Amino acid sequence: ESLSKIKIFNMVPKYTLHYFDMRARGELIRLILHYKGVEFVDNKIPFEKWDEFKKSHDLPFNQLPVLEFEGHALAQSYAIARYLANELDMSGETNFEKAYLDQIVGGVEDVYVRLLPTIFLERDEKIKEEKLDKFFTHNYCAWLDSFQKFLVKRENGQKFLLGSKVTWADLALFEIIDLGLLYRNNSLLGFPLLEGYHYRVSSLPTLTGYLEERNRKE
C-alpha cells in the first residue's frame, strides 16, 4: 500500500495556483498542497496587474482562484479544494464520509460569506471594527459550537474530524478558526476542544514552516 501511494504522489502533476497575495479564497488550496508536500507555483497576482492578467488568460469565470495543470484550468475555490482532496487522499473513504466532510466545509463557507466582505471590502476602519465586533459577539460562537460538536463525535474531540486522518475539511475548519484568532485573539474562549484542535493542525510537520512564514508576514 505504501509503495502504491508513493507511486501516486510521484505522478502528481505540476500545479500552478493563480490568486492574489492574500489568504481568503486561495488559502485552503495552499494549505492542502503544503500539507501533502506537493510542489506548486503560487502565482500571487498584484491587484494592479489583475486587469492585465485577466485579459491575457482564459479564465473559466473571469475570476480567481484558478488552478492550472496538464492543460486544464479549474476554477471555484471549493471545486479546486475538493478535487485536490480526492486526488491526494484527503477526502472520506465512503460517499457518506465525503458528504459528512462536505457539510462541515459548507458550514465554514457560511462563516466566510459573513466575515470576508467586512475584512476585505470595508474601507472605513471604524465601521469595519463595529461590524467585526457585532459578528464575533453575536454570530461566531454559534458556529464554533456547531463545529466543536462535530469534532467531539470522533476520538472525544482529541484528534481530527474523521479521527486520526487529516482531511481537507480539517484544513478548511482550521483556516476559519485561525482567521478568527487573527482578528479576535480571544475568539476561542469557552471552546477548549477547538483550541486544542487548532494547535494540533498548526503543529502538523508539513504545515509548520509555511504557517510560520505566513504569520511573519501578518
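Arg 154 lies over the face of Tyr 100, at 5.4 Å from the ring centre. A charge sits over a ring if NZ of Lys or CZ of Arg is within 6 Å of the ring centre and within 35 degrees of the ring normal. Arg 25 also has its charged end over a ring, that of Tyr 112, 5.6 Å from the centre. The model is predicted: local features need pLDDT of at least 70, side-chain atom pairs count only at pLDDT 80 or more, and totals for chains, interfaces and linings use all residues. Residues are numbered from 1 along each chain as its sequence is written, and side-chain values use heavy atoms, with hydrogens and water left out.

The protein chain is divided into domain 1 (15-88) and domain 2 (95-216); these bounds come from an automatic or database domain assignment. Their centres, taken over C-alpha atoms, are 21 Å apart. Domain 1 brings 16 residues to the contact and domain 2 brings 24 residues, where contact means heavy atoms within 4.5 Å. About 1,800 Å² is buried between domain 1 and domain 2, and carbon and sulfur atoms give 65% of this area. Buried area is the accessible area (1.4 Å probe) that two parts lose on being put together, summed over both. Of the area that domain 1 buries against domain 2, Arg 23, Leu 31 and Tyr 35 supply 38%, more than any other three residues.

Aromatic rings were examined next. Rings of Phe, Tyr and Trp (its six-membered ring) pair if their centres lie within 6.5 Å; planes under 30 degrees apart count as stacked, over 60 as edge-to-face and the rest as tilted. This rule gives 12 aromatic pairs. Tyr 19 and Phe 20 form a tilted pair, because their ring centres are 5.4 Å apart and their planes lie at 55°. Tyr 19 is buried, at 4% relative accessibility. Phe 20 is buried too, at 11%. Here buried means under 20% relative accessible area, exposed over 50%, and partly exposed in between (1.4 Å probe, protein chains only). Phe 135 and Phe 136 pair edge-to-face, with 5.3 Å centre to centre and 85° between the planes. Phe 135 is buried at 6%, and Phe 136 at 10%. Ring pairs also link Tyr 19, Phe 20, Phe 47, Trp 50 and Phe 53 into a cluster.

Helix α9 spans residues 192-202, with Leu 194, Tyr 197, His 198, Arg 200 and Val 201 buried. These residues cover an arc of only 165° around the axis, so they lie on the same side of α9. The arc is that of the directions from the helix axis to the C-beta atoms. Pro 192 and Tyr 199 are exposed on the other side of α9. Helices (H or I, at least four residues) are DSSP runs, numbered from the N terminus.

Conventions: Helices (H or I, at least four residues) and strands (E, at least two) are DSSP runs, numbered from the N terminus.
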